[in-house]
Amino acid sequence: GPNRTPIGPITPSPSSGSATAVRVEYLGCFRDAVNGQPRALQTALLTADRTLSVQRCAERARTTGITFFALQGSNCFGGNSVGTFDTYGKAGSDAE
């Protein structure tokens, strides 16, 4: 739905080439805003990206120094505070 955002932290991990692979851990699906409140992750990393993938969003987050990222449709958002992403609680089937 429009208020569900899958999210994960990123950590660089060594790879065999000159590029750095990005390791991602799925944390769940969270509400991104409630009743007009600001987005839980407020930094827009990629918008209207028709080729958006988890890896692409993770790589953009890594290169901009962002720790947590989320995908919503063709958009990628990020933030650095561990308490920020779950501000509005879990969404959908991830809700407890």
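Let's start with Asp49, which counts as buried at 10% relative accessibility; buried here means under 20% relative accessible area, exposed over 50%, and partly exposed in between, with a 1.4 Å probe and protein chains only. Before I go on, this is a predicted model, where local features need pLDDT of at least 70, side-chain atom pairs count only at pLDDT 80 or more, and totals for chains, interfaces and linings use all residues. Residues are numbered from 1 along each chain as its sequence is written, and side-chain values use heavy atoms, leaving out hydrogens and water.

So where does Asp49 sit? You'll find Asp49 in the loop between strand E4 (43-46) and helix H1 (54-63). Helices (H or I, at least four residues) and strands (E, at least two) are DSSP runs, numbered from the N terminus. A polar atom of the Asp49 side chain lies 2.8 Å from the backbone nitrogen of Thr51. Leaving aside residues up to four places away in sequence, Asp49 touches Arg56 and Ser74, contact meaning heavy atoms within 4.5 Å.

Now have a look at Ala48, in that loop between E4 and H1. Ala48 is exposed, with a relative accessible area of 60%. Its phi is positive, about 50°, although Ala48 is not a glycine. Most residues other than glycine have a negative phi.

One more aspartate, then. Asp32 is in the loop between strand E3 (28-31) and E4, and is buried at 4% relative accessible area. What joins the side chains of Asp32 and Arg39? A polar contact of 3.0 Å, that is, a pair of N or O atoms within 3.5 Å; within protein, one must be able to donate a hydrogen and the other to accept it, and residues adjacent in sequence count only if both atoms are side-chain atoms.
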